[in-house]
Amino acid sequence: MVRPIVFGIPLGLAFGALLSATSAAQQVPRPWAANVVVPQTSCYTMGRRPAVRIEQVRAGVVIRGQVATTMVEVRLRNPGPGRLEAELLMPVPDGATVRGFSYDGPGREPTARLLPRDEARRTYDQIVAQARDPALLEFAGSNLVRSSVFPVEGGGTQAVRLTYEHLLPADGDRIDYVLPRSESVEYRVPWKVSVKVDAAGPIAAVYSPSHAVRTSRPAAGVALVELEAEAATDPGPFRLSYLRERAGVSASLFAYPDPRLGGGYFLLLAGLPPEPKGKAAEIRREVTLVIDRSGSMRGEKLDQVREAARQVIAGLDEGESFNLVLYNEGVDPFRPRPVRKSRATEREARRFLDAMTARGGTNLHDALLEALRPAPAEGTLPIVLFMTDGLATVGQTAESAIRDLARRHNPHRKRIFSFGVGVDVNTPLLEKIAYENRGFATFILPAEDVEVKVGRVFDRLKGPVLADPELAIGGDGPRRATELIPDRLPDLFEGDQIVLLGQYRGDEPLQFTLRGNHRGTPRTFRFRLSLDGATTRNGFVPRLWASRKIGLLVDAVRAQGADPAAPLGAKQGVAPMARELVEEIVRLSTEFGILTEYTAFLAREGTDLSKKEDLLSNAGDVLRSRAIRTRTGYASVNQEINNQKLKALTCVNPRNKFLGPDMSESATATVQQVCDLAFFKRGDRWVDSRLLNAAPEAGHPRVISFGSDEFRELTERLAREGRQGSIALRGDILLQVDGRPVLIRAPGKGPDANRP
């Protein structure tokens with residue numbers, strides 16, 4: 001049985017009416033139930049009885065225009081034999097209207113009460129003081145809904161549902177939605193989140209900077225978004241933004257101020273221009289498939305590659321072109337230059353593929369040269385799908401020479417998408433060839449199907465919308481924007497959107513000029529975006545920029561392995577030429593709390609983060625043995641997969657997840673990204689990354705006891721800045737406030753609690 005209460009009036013009035021109907025005794029604040037459930041953070045036990053457990057949280061969101069309706073269902077389990085009392089405490093946005101509250105099964109009539117901001121704050125303090133757990137302070141500053149008490153039967157489960165509605169903030173064409181959740185890496189409750197966006201008009205872009213999502217666009221004004229399964233336990237508020245389409249480029253800025261830069265960081269989100277009215281010209285593709293038929297491809301791999309080539313040719317549209325280049329120690333093209341797809345040419349290509357056999361060595365250099373040589377047909381987008389399952393063994397075999405061929409001898413600017421079949425391939429070579437030619441590399445592991453992987457890449461290349469895009473950024477004063485990532489935009493296809501990160505100077509609006517081949521016609525789009533919305537609450541912006549920057553720096557180190565005389569190849573120390581790369585990797589990793597396989601040692605207990613030379617030496621050793629010397633095998637494939645994700649990251653990675661040399665996933669719980677800050681755990685103390693290398697003159701920290709008036713004042717200040725999560729960590733916290741160190745003693749400390 002479901003026992004609902006439905007509200008259709010403003011929250012304050014709804015609860016005012018509810019309270020007026022109750023007795024005076026009932027209006028007196030009731031004591032807490034034995035278990036207080038805050039699904040965004042934890043279950044708090046107010047007595048000695050066992051706590052209920054949160055099994056799963058499901059959030060269903062419908063956004064119509066600028067109004068969001070959120071239904072949160074919390075599924076609880078009672079592991080003990082007896083009935084337990086529990087109640088729900090849910091942070092909700094300002095101005096929310098509660099539409100419904102219900103739970104399953106028989107019980108008392110469910111009630112819910114809005115706690116205004118001041119009372120909500122006192123509630124936070126009461127629970128934190130009683131549970132001796134600061135985690136709930138992460139939501140200080142939020143309004144709360146407190147539910148009625150409900151039973152959870154022994155050994156049973158209970159589902160509780162709260163539905164609320166609120167008006168979303170708009171920034172120009174951008175609408176932003178936030179679902180409060182804990183930022184703690186200790187939080188392991190799985191969430192299922194689904195969102196339906198039903199806009200009043202066409203949607204240009206849908207973006208989440210916080211979580212990996214899967215998006216489909218069934219109609220021009222509708223978007224369906226689901227949290228990816230891999231992100232079910234990733235912490236942090238769930239953020240989603242969508243851009244409303246307009247005549248030109250639909251664009252918006254997320255800006256983060258940083259006085260050290262004389263400006264700050266920005267993230268440009270832009271959707272592609274709509275199709276012109278009337279019959280639009282299209283960009284036709286010209287696809288060249290370069291297929292390895294060396295002896296190692298014999299058997300199932302060759303059969304899969306053959307079928308993948310057939311599917312690519314079949315998937316070309318009328319008027320598009322293709323060619324096939326088979327290679328082992330020699331090169332055998334289907335035609336001297338690409339041919340238009342027709343029934344006849346497709347039939348001939350199938351016969352050509354049927355006759356393909358596997359034998360001999362691998363001449364990567366000449367195969368690539370043959371694919372890049374012919375001039376493409378006018379008005380086409382030339383794409384090369386380059387496949388290999390091994391190292392270069394015939395002809396020019398030097399990695400640096402093959403890489404330079406793709407970079408310097410590609411006169412027609414063909415896009416190269418490389419495929420490494422198996423793990424016996426030179427992974428940094430394949431990645432570099434693709435990345436420098438507006439493509440990307442795909443690695444097909446031994447248990448995976450070549451046909452499926454090639455097909456997925458080719459499907460992404462359907463409908464070129466904007467080819468050869470170039471973006472210029474200006475404004476009042478010189479060099480208003482620097483450190484842009486990516487420094488060159490890729491071609492954009494159906495469903496793509498632009499996510500560009502960089503640093504800005506000053507606070508005047510930025511002017512953008514985007515040029516490119518838009519659906520077959522050269523066009524220029526200009527737009528001007530304000531920086532007035534810059535806020536420290538956009539802490540994801542500098543962290544995403546730093547993640548991508550680290551990926552580029554690792555790329556630069558990894559590229560040195562193509563030359564046997566690379567300076568990082570030295571057996572001792574970090575060579576001068578590479579030192580600046582290692583220094584910057586370590587600096588960004590510590591400042592932003594971003595760990596990679598090369599800097600994971602920073603999170604280990606016992607690592608002294610104040611000893612710079614030791615850190616550089618350790619990082620140099622790992623980069624030398626892994627990034628420089630490891631060029632093939634699983635231990636090389638994992639590096640390229642990790643680095644590809646870093647260079648193209650669009651949502652934060654709070655657990656610092658990456659693949660290890662054995663392809664297993666690693667994560668850490670001793671580095672915490674909170675808002676725009678990062679903390680490293682040392683013993684029972686969390687240390688603000690800004691204090692890791694604090695100068696001696698910084699002096700002893702000011703000590704603040706948990707729960708004191710000074711502590712509450714600091715909480716209120718941090719809540720105004722959106723940084724209250726930094727004092728919700730469990731343990732002592734060494735935090736920088738106004739440039740000075742402050743030590744917050746954890747609850748439960750003894751008589752020496754005020755000693756630094």
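1. Helices (H or I, at least four residues) and strands (E, at least two) are DSSP runs, numbered from the N terminus, and two strands pair if DSSP finds at least two bridges between them. D171 has R174 as its bridge partner in β12. Both strands belong to an open sheet of four strands in the order β11-β12-β17-β14, with antiparallel pairing. Its edge strands, each pairing on one side only, are β11 (170-171) and β14.

2. A word on the source, before going further. This is a predicted model, in which local features need pLDDT of at least 70 and side-chain atom pairs count only at pLDDT 80 or more, while totals for chains, interfaces and linings use all residues. Residues are numbered from 1 along each chain as its sequence is written, and side-chain values use heavy atoms, with hydrogens and water left out.

3. Now the overall picture. The chain holds 14 helices and 40 strands. Of its 756 residues, 56% count as buried, where buried means under 20% relative accessible area, exposed over 50% and partly exposed in between (1.4 Å probe, protein chains only). Among contacts (heavy atoms within 4.5 Å) with a separation of 6 or more, 74% are between residues 24 or more positions apart.

4. Next, the cores. A nonpolar core is a set of buried Ala, Val, Leu, Ile, Met, Phe, Trp, Tyr and Cys residues joined through side-chain atoms within 4.5 Å. In the largest one, of 52 residues, L267, L269, V541 and L544 touch the most other members. At least two residues each come from β14 (203-207), β18 (250-258), β19 (263-271), β30 (497-505), α10 (540-559), α11 (576-592) and α12 (612-628). Helix α10 gives the largest share of this core, nine residues. Another core lies apart from it, with 48 residues, including A59, V145, I175 and W191.

5. Leaving out residues up to four places away in sequence, V541 touches F254, Y256, Y265, F266, L267 and L501.

6. Two antiparallel pairings share β4. Strand β3 (residues 53-64) is joined to strand β4 (residues 67-77) by eleven bridges, with V62 opposite T69. Two residues sit between the strands of this hairpin, and G65 takes a positive phi near 65°. β4 also pairs with strand β10 (residues 157-167), again antiparallel and over eleven bridges; there R77 has T157 as its bridge partner.

7. Not counting residues up to four places away in sequence, H166 touches Q66, V67, A68, P93, D94, G95, A96 and Y177.

8. Turning to helix packing, α8 and helix α13 (residues 634-647) have axes 9 Å apart and pack at an angle of about 30°. Axes here are lines fitted to C-alpha atoms, for helices over the stretch in contact, and angles run from 0 to 180 degrees between N-to-C directions. The two helices are therefore roughly parallel to each other, a label for angles under 35 degrees, with over 145 roughly antiparallel, 65 to 115 roughly perpendicular and the rest oblique. T427, P428, E431 and Y435 of α8 meet S636, V637, E640, Q644 and K647 of α13.

9. Setting aside residues up to four places away in sequence, E431 touches S418, A441, D555, E640, Q644 and K647.

10. Helix α6 (residues 364-372) is mostly covered, with seven of its nine residues buried. They are L364, H365, A367, L368, E370, A371 and L372.

11. Finally, a mixed sheet. Six strands form an open sheet in the order β35-β36-β37-β39-β40-β38. The edge strands are β35 (671-674) and β38 (702-705), each pairing on one side only. On average, neighbouring strands are turned by 25° against each other, direction ignored. Within the sheet, strand β37 (residues 685-688) and strand β39 (residues 732-737) run parallel, joined by three bridges, and R685 stands opposite D732. Helix α14 (residues 709-721) packs on the sheet, touching β38, β39 and β40 (740-745), and its direction makes about 100° with that of β38.
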